[in-house]
Amino acid sequence: MSRLKPSATGLKPWLAFGLPLAAVVLVGWAIYWLGWWQQGAVHVVLWQRDLYHALTSAITEIDRAPGVTTWGVLLGVSFGYGVFHAAGPGHGKVVLSTYLASQGGAWKRAIALSALASLLQGVMAIALIAVLVFGLGWLTRQAMASVDQAETVSFLLVALVGLWLCVRSLRRLYRATFAGSAVASEPAALTGRYRFDVVAPRNGTTLASHRPDPFVRSAAPAPGANEQGANEQGADLRGTHEHGAHCGCGHDHHVDPDTASDWRGALLTVLSIGIRPCSGAVLLLGASALLGQFGKGVVAVMAMSLGTALTVSSLALLSVFARDWVQRRLSPMASRHPWQAWVGLAGGALILALGLSLSLAQWQRGEAPGAPLLGSPTAQSTEAPVSGPFTRG
Amino acid sequence: MIRSFYRWGSGLLALVAVGLSSPAFAHPHGWVDISVEGVFDEAGRLAALRQQWRMDPFYSQVVMEEMSSLDDGTTMPERLDALGVEIRNNLATQDNLTTITLDGAPVAQGEVRNTNTEVRGDRLVFSFVLPLASPVPMAGHELDYRIFDPTYYIEMVHEANADGSEPLPGALTLAGAPAGCSTHIVKADPDPSKVMEAAMLDKTESGEPNLGRFFAETGEIRCPA
């Protein structure tokens, strides 16, 4: 995959960029004008509704008649519920797309982060019921209300991710401005490494070898570079990149702190998204626990998470591809300039704004809003936060 | 380079803007199967809507867990009654999730009475009588009602057959109606562009998009002149 040549080498750059862009704009405009996207969105809601009904009956059915068929239905419906549940807009997807589009990251990374975030949401739901209901003896309704708290934590973490990305970008800009052109390329080098770290040649200190982007013609590595790159790929894939300064691999180690912080940022992003369990999953687990089917509920929630991962990673891939494509067409030499740090700053600022506005909205909303049916559980328990089972989550 | 930065950045902004502005569709996290009976008085006027709400199995489970966890020496029927009162009080603040119109004009509601809460099979069933503020003459008139959760967190649908395609005959009935009165349940047919419009508006103005109305069924009661 590494030695792909730009397919549009022979075309004039503006044509290579302009034609597909025009096509995309035209198609997008047509879809908008015909109202397809609106119909699509309404249909997603209707499918979500139908799948919820199906999920409820699937759990009940498997309780009555466990078998291959009922298991198949349960897993299929759970998976579908995950796919369509994630198809609606949510802050997690916005955060992840913005993060990937502005901070860089290979498609593998996009998939890994999406899958991790989705699975974490499922695991959180399972942990919530296991700890609160089984461990602490809370009522399912009270456990469901705690999703609200998890949501607040999630929003605050999102703001934290944004703030942290801003600070990092500002530091890079500062260094780029005051430390000369060699360091100015650092953000780009980082991005390039992550995108193609598997084949990244690392045997030089020149700009070209530090930005091993196969799509950039000037980045052709020296013969023999691949070997060294291959030797290192294991370390890089683990994201730890631990080798001593005298290992002879020949590249500057001043990048490493950023690499590590990049991974910390990625994991923090995953955490900020995944810490908020899906309230549908919590309800499913609670109800299945009450039916004495907790194990089956857990399996269903994991299938659900897989479905969610599918949708979220598709979206993440889309944003990565879009970013790479624009980057290739518009700015083959962009690596020499700190503009990527500016984009990183813009992305960080957007995530920060999103996190703050969501937290603020949560804070202004205060305690549980008027639940349609039940304001608060009639149970006299005071040890657990209480609010209606039908509060928004 | 500046140009490419602007374009790249604006593309990113556009992407995020789309993500943010797309309506936060609240899809249902539970549902209620409803059936309604139009109750007429001796003068042939519509006096009340008797409603029965069957909570979905999950929600019923969760509420039953709570009912049985109480340790205050009350009996189950007493607990269910208390629950019914609580639900009634909650609903009272929201017009009982019911809107009624006569020939298109809003009809005022009286106070809910005769609430009853019971467990039937794996479902919690809440029923009540919703009187109209004053009985309305029906001869030659068209009365429509809609029962929905504005936030669409709970979906409210008339009792229907297994695949939900057709409402059951018992979903909307009449008691004591003059001869010739008829009923019909109109399925929701959300207009996508209006749903979108509302989603965007509501989101910026009040925080929560109120989409329930677009997905609500309409019950129609018609009487000949």
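Residues are numbered from 1 along each chain as its sequence is written, and chains are lettered from A and ligands numbered from 1 in the order in which they are written. Because the model is predicted, local features need pLDDT of at least 70 and side-chain atom pairs count only at pLDDT 80 or more, whereas totals for chains, interfaces and linings use all residues.

Chain A contains 14 helices and 0 strands. Helices (H or I, at least four residues) and strands (E, at least two) are DSSP runs, numbered from the N terminus. Of its 393 residues, 47% count as buried. A residue is buried if 20 or more other C-beta atoms lie within 10 Å of its own, exposed if 12 or fewer, and partly exposed in between, with C-beta atoms placed from the backbone. In chain A, residues 24 or more positions apart account for 76% of the contacts with a separation of 6 or more. Two residues are in contact if their C-beta atoms, placed from the backbone, lie within 7 Å.

The largest nonpolar core has 122 residues. Such a core is a set of buried Ala, Val, Leu, Ile, Met, Phe, Trp, Tyr and Cys residues joined through C-beta atoms within 7 Å. Leu96(A), Ala125(A), Ile129(A), Val158(A), Val282(A), Leu285(A) and Val301(A) touch the most other members. Helix 6 of chain A (residues 140-178) gives the most to this core, with 11 residues. Ala125(A) is in contact with Pro277(A), Cys278(A), Ala281(A), Val282(A), Leu285(A) and Val301(A), leaving aside neighbours within four places in sequence.

In chain B, strand 1 (residues 31-40) and strand 2 (residues 45-55) pair in the antiparallel sense over 9 bridges. Strands pair if DSSP finds at least two bridges between them. Glu37(B) has Arg50(B) of strand 2 as its bridge partner. The hairpin of these two strands has 4 residues between them, and Gly44(B) takes a positive phi near 80° there. Strand 2 of chain B also pairs with strand 6 (residues 123-137), in the antiparallel sense and over 9 bridges. Here the bridge partner of Arg45(B) is Pro137(B).

An open sheet of chain B has 5 strands in the order 4-3-7-11-10, with antiparallel pairing. Strand 4 (105-106) and strand 10 (182-186) of chain B stand at the edges, each with a single partner strand, so one side of each is left without a neighbour in the sheet. Strand 3 (residues 98-102) and strand 4 of chain B pair over 2 bridges in the antiparallel sense. Leu102(B) has Ala105(B) of strand 4 as its bridge partner.

Buried residues of helix 2 of chain B include Pro57(B), Phe58(B), Tyr59(B), Val62(B), Val63(B) and Met67(B).

An α-helix has 3.6 residues a turn, so residues three or four places apart point the same way.

Several loop residues of chain B complete the description. Most residues other than glycine have a negative phi. Asn96(B) has a positive phi of about 55° although it is not a glycine. Asn96(B) sits in the loop between helix 3 (76-92) and strand 3 of chain B, and is partly exposed, with 19 other C-beta atoms within 10 Å. Asp103(B), also not a glycine, has a positive phi near 50°. Asp103(B) lies in the loop between strand 3 and strand 4 of chain B and counts as exposed, with 11 C-beta neighbours inside 10 Å. Ala108(B) lies in the loop between strand 4 and strand 5 of chain B. Ala108(B) is exposed, with 10 other C-beta atoms within 10 Å. The C-alpha atoms of Ala108(B) and Ser134(B) are separated by 7.9 Å, although the two lie 26 residues apart along the chain.
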